[in-house]
Every structure is written in structure tokens, then in C-alpha cells.
Amino acid sequence: MSEITFVNNLYILRNDHISYILAVLPGGFLAHVHAGARLDSVNMDNLLRHAGLPAAADFTPKEGGLEWLPQAYPSFGLGDLREGALTVIAGDGTRAVDLRFVDAQVEDGKPALPGLPATFGDACKTLTVRLRDAHTGLEAMLYFTIFDDCDAVTRSARLVNAGDAPLTVTRAMSFCLDLPDHGYDLVTLSGGWARERAVVRRPLVPGEQGVSTRSGASSLQTSPFLALARPEVTEHAGEVYGLSLLYSGNFAATASVYQHGGTRALIGINDRDFAWRLEPGEAFQTPEAALVWSSEGLNGMSRAFHRLWNKHLLPQRWVNERRPILLNSWEAAYFDFDEEKLVSIAAAAKEAGAELFVMDDGWFGHRDDDFSSLGDWVPDPKKLPAGLGRLGERVRALGLQFGIWMEPEMVSPDSDLYRAHPEWAMQIPGREAVLGRHQLILDMSRADVQDFVIESVSRTLRDSGATYLKWDMNRNFSNIGSTALPPERQGELPHRYILGLYRTLDVLTKAFPDVLFEGCASGGGRFDAGMLYYTPQIWCSDDTDALCRCEIQYGTTLAFPPSTMGSHVSAVPNHQTARVTPMQARFAAALGGQFGYELDPRKLTDDDRAAMSAQTDYVRRTFETRMNGDFYRLLSPFEGNDTAWMTVNADRTEAVVTVIRSRSLPNTFPPLVRLAGLDPDAAYTVEETGERFTGRELMALGLCCPLPAGDAASLVYTLKA
Ligand code: GLA
């Protein structure tokens with residue numbers, strides 16, 4: 001259970017495991033007191049003494065007090081030299097803001113955030129603190145929510161211009177976490193196309209460090225997430241904070257160490273390339289950010305995130321539903337197909353146990369390569385002479401669901417849409433357009449563009465009867481200008497784009513509640529908690545190589561549950577790496593997420609086709625445990641030659657363990673993998689070998705995994721209590 005109390009000028013948010021505490025100091029300064037292990041009270045003077053400050057009763061910001069004070073929502077310019085959470089340019093051109101406490105209220109549940117994805121649910125309590133800057137009239141409503149059933153606190157801020165002159169917000173972070181020391185490693189996720197979300201861990205050093213993006217999306221290069229882990233933290237033990245932003249656009253996540261030794265972590269919209277004008281009476285809502293805390297290492301942090309997203313973020317319609325095993329046409333056919341070919345691939349897919357056939361890129365306009373037609377969402381009569389309707393029907397007649405690919409936010413210069421509406425593309429008039437993958441980006445900040453996208457996607461879904469949509473987005477922002485915004489609002493475009501995207505997704509997912517939306521952005525280029533509010537799964541990476549997938553999926557699970565990762569078996573030699581790995585390894589890796597195929601089943605050997613049938617049976621049988629169980633990383637591909645992870649179902653009666661060894665090494669022991677999350681007193685049978693062990697033995701000593709010979713050797717073990 002959670003509760004929020006106000007005692008001795010302290011707002012204490014707590015549940016059974018964690019507390020988050022704020023203090024209102026004389027003068028109305030809002031201090032951050034504690035986040036972490038559950039505390040029911042705090043001696044505020046002890047903390048102030050540590051910060052070199054007089055007791056609470058005598059607190060004053062004069063003589064540098066703000067520079068040392070841990071704060072809930074600090075700003076720069078009135079004595080605090082650290083990175084602030086908020087910068088606002090006033091009518092007189094000055095940039096300092098001085099927010100002081102006005103009032104606060106506590107409510108059950110949590111309010112929705114207008115226009116933005118946010119956690120939801122009744123099993124939580126929310127504290128809203130109102131702060132005010134007397135000089136400009138700016139008000140900040142800070143929302144803090146604590147959950148009954150998750151070790152998480154979410155925050156966001158709503159800024160209201162209650163003054164009588166326009167203001168410009170140039171920085172408005174979502175979460176600020178001031179910690180009294182800097183004895184932490186910073187853990188972030190970094191990479192690039194086909195190498196998304198590699199785990200990067202290094203000790204904090206004095207100064208600012210972190211990750212950010214200005215590409216317009218949460219990006220291929222990094223992820224809106226950071227963790228602060230004590231140096232001794234392992235996957236299973238030690239104290240960790242995790243911060244995640246529910247946002248799909250430009251963000252910054254930083255941790256800065258200052259001269260007195262404290263750390264300030266901030267996460268929010270990237271203030272580079274951001275300026276938001278607030279006329280009197282207008283409001284700006286920041287995205288929401290979530291803080292989780294665990295004393296059970298990085299796995300503990302991840303489980304806290306997984307639980308929070310599963311229970312309070314993902315579309316609940318899909319959370320507990322077994323998703324269809326899909327076969328996607330992209331690596332099977334690329335742009336080279338027609339109705340007959342697709343139907344024959346679909347028929348072979350059905351025979352091997354697939355449940356959903358997805359037609360990827362290339363079905364519309366005259367798109368025989370990636371140089372044209374984005375925006376013209378009309379089937380190519382050469383490939384689909386009877387349109388989407390007949391293809392959909394023929395696929396369904398095989399006993400499969402039908403799914404379709406679109407890249408709705410884009411327009412090709414060679415398209416009827418661009419010829420009719422050149423002003424709909426994001427652009428800087430007078431400057432040459434910079435293309436990416438030969439395409440331009442539609443200005444999703446415009447309501448008419450959003451309506452066009454809603455109409456095109458709706459028509460495509462209706463005409464095809466598709467029950468699955470892969471929503472792709474394949475380029476970075478450039479020429480960041482809108483023909484619909486006045487000069488003083490051009491700095492709002494990147495965020496307005498994301499708001500337009502969210503509105504579009506909101507309308508469509510509500511209009512088509514039974515269509516499964518899968519996100520995608522050149523693979524995992526927009527894999528974030530903002531998108532997951534609309535699309536319960538996201539194509540994790542364009543890299544389908546089994547060994548690369550070990551790293552990509554291992555890293556992704558730091559912040560996101562396995563059920564959110566689209567994960568497919570593809571053909572060999574692999575199309576991204578040219579590596580040949582055994583079918584078993586490709587299966588073992590793909591089992592770690594929402595399972596599917598990315599190959600032409602007609603071209604498989606008989607052995608591989610038979611393997612496919614056995615695989616799809618296994619996927620169905622173990623779905624609940626693999627996708628909804630507790631997930632544990634066991635061996636890291638970033639630290640050695642072996643990858644291992646496992647999931648355990650809720651009553652700990654079934655577990656699925658996956659082990660993959662990258663390079664075969666002569667004269668080495670097979671891995672002895674210490675398992676986790678089992679019932680120590682239960683006896684488990686390993687289905688594949690018939691051996692029996694106690695949970696205690698498997699966790700204390702480990703399970704010997706004698707891998708077959710050769711590179712990319714793998715094992716999948718199913719444990720039954
Ligand atoms: C992106 C996606 C791929 C595929 C292609 C189609 O790269 O990530 O899965 O859909 O686009 O052009």
C-alpha cells in the first residue's frame with residue numbers, strides 16, 4: 001500500500017519498500033530529502049548540516065544556501081551554480097526563476113497528462129505541489145506519484161504563465177534527483193543502427209556526464225534512461241536508482257558531480273533545440289519521468305521498471321494476451337513481390353506454425369525501392385491488382401491473421417502527396433532540403449497532417465482488414481522548420497511534432513482497439529516508454545543476427561520488459577552481418593522477446609522447416625512464462641563469451657532458461673549458470689534432460705549447461721516445479 005503524509009514540514013511518500021521525501025523550508029523553498037529505502041521520518045537538520053547549512057528553522061538562501069541545498073525543482077541564476085531543472089526567459093529578458101511553495105494537495109490515483117503518455121492506475125497516490133515565482137508570475141505544479149505495487153515514483157511538472165507578459169521556457173526537465181554523494185557508477189545504453197542499447201557502465205567523475213539526443217526521436221544512438229549504481233552493484237545485489245523518461249523525442253539524461261561531492265541527476269526534454277513560448281494564461285506540461293529504486297542490483301531495478309510498465313503503462317488490452325507468432329515479409333522479399341508470391345510465402349508460414357503474416361514495405365504507390373511513394377498509401381496495382389482487400393482475404397483464408405507495414409510520418413519527394421502538399425514537409429523555406437533515406441518528414445505538429453495520417457492509416461486498416469500494424473519511422477530530423485508556426489514558435493517544433501504523433505496514435509489506437517500496433521524506427525530507433533503507451537511491442541533492431549541480438553536484447557531489458565521487444569528468427573547468412581549461426585541459436589535469441597520470423601519459409605531446408613514447427617509449438621506453450629514472468633539477466637555478453645537469461649512465472653512453477661555461447665573455445669568448461677528467482681524449496685525437473693534439482697541448488701551452485709560444439713552454441717531449458 002502507498003500513503004502520503006505531511007508531518008513536520010515533510011511530505012513523505014511511501015509504500016511497503018520505498019520512500020520519497022520532500023521538505024518545505026522557511027521562505028517556501030522545496031528541498032529534496034530522500035529517495036530510496038523506506039523511511040517513516042527524517043531528521044531534516046542532520047541533512048542540512050551535511051549540506052553545510054544551518055538548521056531548518058534558520059534556513060535562508062542568502063550567502064549561497066541554494067548552491068548546497070538538495071532541491072526538488074531547482075533553477076539557475078539565483079545562487080545555485082549546478083545544472084538547473086528549469087530556465088525561463090522573462091519579459092525583461094532575464095533568466096532567473098525563484099519558485100516558492102504556495103500549497104499542496106494529495107489525491108488517490110493520478111491525473112492523466114493532457115496530450116502525453118503517462119502511467120495510470122488506481123493503485124497509487126499523487127502529491128501535487130504548487131510553486132510560484134513572484135517576479136514573473138510563473139507557476140509550477142509538480143506532480144509526484146507513488147505506487148502501491150511498484151517500487152517507483154513518477155514525476156512531471158506543469159508550468160503555467162499566471163503573469164501578464166509572455167515567457168519563454170528554454171529548459172523544463174521532468175525529474176531532478178539530488179543525492180548527497182557521488183559514489184555511483186553511471187549506467188546508460190548506447191549504440192547505433194543495428195547495434196542499439198549496449199550497456200555502458202563507468203564511475204561518476206566530477207562534472208556533467210550522460211546521454212542525449214537531438215535526432216528528433218529517442219534514437220538509435222541511446223535511450224532515455226540512466227541508472228546510478230553503487231560500484232559494488234551486480235546483476236543481483238546492491239543499491240541502484242533507475243530513471244526513465246516517458247518520451248519519444250529529443251531528451252537529455254545527465255548526472256553531474258559538484259564541488260562539494262553531491263550528485264544531481266536530471267532527465268527531461270533536451271533543452272538544446274527547445275524554446276517554448278508561454279503567453280499569459282498558457283501552460284506547458286513536461287513529459288513524465290519514472291524513478292525506480294532497488295537494493296537487489298540491476299536485475300532488481302529492471303524488474304521494478306518491467307512491473308511498472310506492465311501494470312501502469314502498456315495498453316492493458318495486450319499485456320496478458322498471447323501475441324500472434326508472425327512472419328514478416330521484409331527479409332523474405334524486400335520490395336520484390338506480388339500477390340501470388342506473398343500468398344505462397346504466407347501459406348508456407350502457416351504450415352510451419354505462424355499465426356500472422358505481415359506484408360512489409362513496398363506495397364503502395366510505385367515503390368520498387370526506397371526512392372519513392374511514401375505518403376501515397378494506395379496499393380501498387382502492378383503488385384496487388386485486386387488491392388489490399390483480396391490479399392487480406394486470401395491470407396485469412398489460409399487461417400492466418402493479416403498485418404501491414406506503414407511509415408506514416410514520412411513523405412517521398414517523388415509522391416503525389418508531396419506534389420500536392422509540399423508545405424506539409426518539415427522544412428526551412430529558402431534552404432535546400434536534406435533528405436534521409438531519400439525521404440522527407442511530414443510536419444506532425446500540423447493538425448491537417450495529423451488528420452491526413454489518421455485517415456490514411458484508418459483506410460489502410462479498414463481496406464485490408466489488418467489486425468496488426470508495423471508503424472515505422474526511418475530518418476533523423478533535419479531542416480527543422482514548420483510552415484505553420486510563427487518565427488517565435490519555431491523552437492517548439494521538435495516537441496510539437498511528438499505531441500502531434502501522440503495525438504495521432506491516441507486517436508488510432510482508440511479507433512482500432514483490436515489492432516496490435518508494433519513500433520519501429522529503423523529497428524529500435526524509438527524504443528521508449530512514451531511509445532510503449534501506444535504500441536505494446538517495438539521492433540528491437542534491424543539486426544537479426546543471433547549473436548548481435550544477445551547484446552541488443554540484454555541491454556534493452558535493463559529498462560524494458562521482454563514482452564515489448566519484437567524479436568525474429570531470420571535466414572543465414574544473416575543479412576546484416578553475413579554470419580552463419582545455427583537455427584537453434586536464432587531461435588534461442590528470438591525467444592527472449594515477442595517471437596516471429598523474418599525469412600522466406602519456402603527456401604528453408606526440410607530440417608529447418610521441421611524445426612520451425614517445433615519452435616512455434618514451444619513458443620505457444622511457454623508464452624505466459626517467457627513474456628509475463630519475472631525476468632533475470634544471468635550472464636552478460638558485454639562481460640564475457642556467454643549470454644544467459646531466464647524468466648520465471650508468477651507462482652515459480654515454470655522457468656525458461658536461455659544460454660548462448662558466442663565463440664566456441666576448446667578446452668573450457670561448459671557454463672555453470674546460477675539461476676535466480678526460483679522457489680528454493682521446490683524441486684524442479686529440467687524438461688529437456690529429465691534431471692531434478694532443488695531451486696536452492698540451482699541458485700546456489702548453478703545448472704551445468706553442456707553446449708553443443710561450434711560457434712553460437714545454445715541451449716533452452718524448461719524447468720517445471
Ligand atoms: C526499416 C525497418 C525494417 C523494414 C524497413 C522497410 O528499416 O526497421 O524492419 O520495415 O524499414 O523499409
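When I call a residue buried today, I mean under 20% relative accessible area; exposed is over 50%, and partly exposed is in between, with a 1.4 Å probe and protein chains only. What you see up here is a predicted model, where local features need pLDDT of at least 70 and side-chain atom pairs count only at pLDDT 80 or more, while totals for chains, interfaces and linings use all residues. Residues are numbered from 1 along each chain as its sequence is written, and side-chain values use heavy atoms, with hydrogens and water left out.

Let's start with the layout. The chain splits into domain 1 (76–313), domain 2 (324–626) and domain 3 (633–720), with bounds that come from an automatic or database domain assignment. I'll look at how domain 1 meets domain 3. Their centres, taken over C-alpha atoms, are 37 Å apart. Seven residues from domain 1 and four residues from domain 3 make the contact, contact being heavy atoms within 4.5 Å.

How much area do domain 1 and domain 3 bury between them? About 490 Å², with 44% of it on carbon and sulfur atoms. Buried area here is the accessible area (1.4 Å probe) that two parts lose on being put together, summed over both.

Between domain 1 and domain 3 the count is one salt bridge, a salt bridge being a side-chain nitrogen of Lys or Arg within 4 Å of a carboxyl oxygen of Asp or Glu. R633 pairs with E235 in a salt bridge, with the closest N and O atoms 2.9 Å apart.

On the domain 1 side that touches domain 3, the elements giving two or more residues are strand 12 (198–203) and helix 3 (297–312). Helices (H or I, at least four residues) and strands (E, at least two) are DSSP runs, numbered from the N terminus. Helix 3 gives the most to that side, with three residues. By type, the residues on that side of domain 1 come out as three nonpolar, three polar and one charged. For the bookkeeping, Ala, Val, Leu, Ile, Met, Phe, Trp, Tyr, Cys and Pro count as nonpolar, Asp, Glu, Lys and Arg as charged, and the others, Gly among them, as polar.

Side chains of opposite charge can pair when their charged atoms come close. The structure holds 54 salt bridges. One of them joins R171 and D271, at 2.8 Å from N to O. R171 sits in strand 10 (residues 167–179) and D271 in the loop between strand 17 and strand 18, so the pair ties together parts that are 100 residues apart in sequence. R171 is buried at 9% relative accessible area, whereas D271 is partly exposed at 26%.

Next, R230 and E239 form a salt bridge, with their closest N and O atoms 3.6 Å apart. R230 counts as buried at 18% relative accessibility, and E239 as partly exposed at 24%.

Then there's R390 with E339, a salt bridge at 2.8 Å from N to O. That pair links distant parts of the chain, with R390 in helix 7 (residues 387–397) and E339 in helix 6 (residues 339–351), 51 residues apart. Buried or partly exposed: which is E339? Buried, because its relative accessibility is 2%. R390 is partly exposed at 37%.

The peptide bond from V572 to P573 is cis, with omega near -10°, and P573 lies in the loop between strand 29 (565–570) and helix 13 (583–590). A194 isn't a glycine, yet its phi is positive, near 65°. At 9% relative accessibility, A194 is buried. D273, not a glycine either, has a positive phi of about 65°, and D273 is partly exposed at 37%.

Last stop, helix 12 (residues 546–556). Nine of its eleven residues are buried, so helix 12 is largely enclosed by the rest of the structure. Among the buried ones are L547, R549 and Y554. D545 caps the N-terminal end, with a side-chain oxygen 3.0 Å from the backbone nitrogen of L547.

Note on methods
A polar contact is a pair of N or O atoms within 3.5 Å; within protein, one must be able to donate a hydrogen and the other to accept it, and residues adjacent in sequence count only if both atoms are side-chain atoms.
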